[in-house]
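Please look through this structure with me, one question at a time. The answers below are meant to be read beside the sequence and the picture.

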Amino acid sequence: MTPEPSPAGQVLEAAQAALAAEHAAAYGYGVIGARASAARAAEAREAYGGHLARRDALARTVRELGGSPRPAEAAYTLPFAVRTADDAERLAAGIEDRVAGAYSDLVRAAEGRLRREAADALSAAAVRAARWRGVGVAFPGLTERASAARN
């Protein structure tokens, strides 16, 4: 049996996972930006910038927690081919769901300022997912976990 990480270790682990989600989101929005409709291009650029800013803040947080920030991968595998504007919107909603899930874990692990920042990031990801999808979910950040548990 592997021992549970300490509370500080859990916070660092959750921050690293959120950082990895932000790296993947930035990559995904590069693809989305290339395929988004003209009407949604500004929204894609704004989301991309938001993910870069949160990525940079999380890298600082990981260092403050005594860790070394995980670097971005050279490339990420997309869940499906993105050929149309509709595909781009579907990818954006999925990315935001995954980001919300990562921040959900950070909210559970963290306290104080970091917990508030993670909750704000979770909320922002849920709002973006709802905008891209056209509808929200009851418990952002937990939906994909419930789906995975059923499978």
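Q: In which helix is Val-107 found?
A: This is a predicted model, in which local features need pLDDT of at least 70, side-chain atom pairs count only at pLDDT 80 or more, and totals for chains, interfaces and linings use all residues. Residues are numbered from 1 along each chain as its sequence is written, and side-chain values use heavy atoms, with hydrogens and water left out. Helices are DSSP runs (H or I, at least four residues; strands are E, at least two) numbered from the N terminus, and the one that holds Val-107 is H3.

Q: What separation lies between the C-alpha atoms of Val-107 and Ala-14?
A: Along the chain, Val-107 and Ala-14 are 93 residues apart.

Q: Which residues is Val-107 in contact with, leaving aside its neighbours within four places in sequence?
A: Contact here means heavy atoms within 4.5 Å. With the sequence neighbours within four places set aside, the partners of Val-107 are Arg-115, Ala-118, Ala-119 and Leu-122.

Q: Are H2 and H3 roughly parallel or roughly antiparallel?
A: Axes are lines fitted to C-alpha atoms, for helices over the stretch in contact, and angles run from 0 to 180 degrees between N-to-C directions. Helix H2 (residues 41-64) and helix H3 (residues 85-109) pack at an angle of about 25°, with their axes 13 Å apart. Angles under 35 degrees count as roughly parallel, over 145 as roughly antiparallel, 65 to 115 as roughly perpendicular and the rest as oblique, so H2 and H3 are roughly parallel.

Q: Which residues of H2 and H3 make the contact?
A: On the H3 side the contact is made by Glu-96, Val-99, Tyr-103 and Leu-106. On the H2 side, it is made by Ala-47, His-51, Arg-54 and Leu-58.

Q: Are H2 and H4 roughly parallel or roughly antiparallel?
A: Helix H4 spans residues 112-133, and its axis is 12 Å from that of H2. The packing angle of the two is about 160°, which means that H2 and H4 are roughly antiparallel.

Q: How many charged residues has the contact of H2 with H4?
A: Among the residues that meet are Glu-43 and Arg-54 in H2, and Arg-113 and Asp-120 in H4. By class (Ala, Val, Leu, Ile, Met, Phe, Trp, Tyr, Cys and Pro are nonpolar, Asp, Glu, Lys and Arg charged, and the others, Gly among them, polar), this contact has 6 nonpolar and 2 polar residues, while the charged ones number 8.

Q: Are H1 and H2 roughly parallel or roughly antiparallel?
A: H1 and H2 pack with their axes 9 Å apart, at an angle of about 155°. That angle makes the pair roughly antiparallel.

Q: How many nonpolar residues are in the contact of H1 with H2?
A: The residues of this contact include 5 polar and 3 charged ones. The nonpolar residues number 15.
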